[in-house]
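Hi there,

Here is the structure I promised to pass on. Have a look at it, and then read on for what turned up.

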Amino acid sequence: MEGLEGEMKKILLIGKLNSIVKETSHFLSQYFHVQLCSENANVLEGMLKIVNPDLVLISLIGAYDIDTSIFFMLNSQYADIPVLTIGTKEESSTFFKYYEDGQFENLIRPVEHTVIMEAVCRRLGLDQQTIEKEAAEEKKEQSGKRRILVVDDNGTTLRTMKAMLEDRYEVAVAVSGAQAMTSIGKKRPDLILLDYEMPVCDGRMTLEMIRADEEMKDIPVIFLTAVNDRANIEAVLKLKPAGYFLKPAVKDQLLAEIQKVLG
């Protein structure tokens, strides 16, 4: 579904990782790219810069422990991003003073997922029926080939890898760790081939971001590395990937390894 993939909005879901937050994340991930984040202000500031979300959703469960500076930061530095909070009347009452200018809106718990979906679409200016229809069509189409994401900053390598794999798999490519995270959020791959040596955000950092995301952490990752020395191989293996390959990869060996990992 190109329409859904091209327009998928990003939601940063802030709160303690409990069953309610997990269920909310799982539900919304059918329609949006959802990134979980703790309620720590320093962590949030970094995630806002990385994710660049279209909407922020805050779970107020355990509201008395939430760092209130996150409200000031969202209001002063990210006033153009709509914020939804979800909490009981008691939990929410502590924060009503932040809701004056229209950036913030509160939903009272217990709240149905359909109500959350309606509020998210309304705040993002989206047609809910269209989003749900495209997601249903996308689900039907996922019965085809397994999807592999190849991440490498070298365009020639990407083209070569795509040519090796596209007869058997649906292949997506990304030229950086940041682009990889966006691609994974748009359409989850079954396996990731990840270049270990990349500028700015290297393979290790990209793998850490993947594993930090509840919805992405179980995706198997095979590292690709051009450095064939003991220290480098040991550093790669310490990260416990699903496998690793020296570049340039040999087609038959790579296909065999992918088949072994995917089962």
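I'll start with a helix pair: α9 passes α10 in a right-handed crossing. Do keep in mind throughout that this is a predicted model. The two helices in question are α9, residues 177-186, and α10, residues 203-212; their axes come within 9 Å and cross at roughly 25°. Since angles under 35 degrees count as roughly parallel, that makes α9 roughly parallel to α10. On the α9 side the contact is made by Gly-177, Met-181 and Ile-184, and α10 brings Thr-206, Met-209 and Ile-210. Sorted by class, this contact of α9 with α10 has 4 nonpolar residues, 2 polar ones and no charged residues.

Next, the cores. In soluble globular proteins, nonpolar side chains tend to be buried together. Here the largest nonpolar core has 23 residues. Leu-12, Leu-44, Leu-48, Val-56, Ile-58, Phe-71 and Leu-74 are those with the most contacts inside it. The largest share, 5 residues, comes from α3.

Leaving aside its neighbours within four places in sequence, Leu-12 is in contact with Gln-35, Cys-37, Leu-44, Met-47, Leu-48, Val-51, Pro-53, Leu-55, Val-56 and Leu-57. There is also a second, separate core of 22 residues, and among its members are Tyr-31, Leu-36, Leu-84 and Cys-121.

Finally, some backbone details. Most residues other than glycine have a negative phi, and most peptide bonds are trans.

- You will find Pro-110 in the loop between β5 (104-108) and α6 (113-124).
- Pro-248 sits in the loop that runs between β10 (243-246) and α12 (251-262).

Happy browsing, and do write back with any questions.

Best wishes

Terms used
Residues are numbered from 1 along each chain as its sequence is written. This is a predicted model: local features need pLDDT of at least 70, side-chain atom pairs count only at pLDDT 80 or more; totals for chains, interfaces and linings use all residues. Side-chain values use heavy atoms; hydrogens and water are left out. Axes are lines fitted to C-alpha atoms, for helices over the stretch in contact, and angles run from 0 to 180 degrees between N-to-C directions. Helices (H or I, at least four residues) and strands (E, at least two) are DSSP runs, numbered from the N terminus. Angles under 35 degrees count as roughly parallel, over 145 as roughly antiparallel, 65 to 115 as roughly perpendicular and the rest as oblique. A crossing is left-handed if the near helix is turned anticlockwise from the far one by less than a right angle, and right-handed if clockwise. Contact means heavy atoms within 4.5 Å. Ala, Val, Leu, Ile, Met, Phe, Trp, Tyr, Cys and Pro count as nonpolar, Asp, Glu, Lys and Arg as charged, and the others, Gly among them, as polar. A nonpolar core is a set of buried Ala, Val, Leu, Ile, Met, Phe, Trp, Tyr and Cys residues joined through side-chain atoms within 4.5 Å. Buried means under 20% relative accessible area, exposed over 50%, partly exposed in between (1.4 Å probe, protein chains only).
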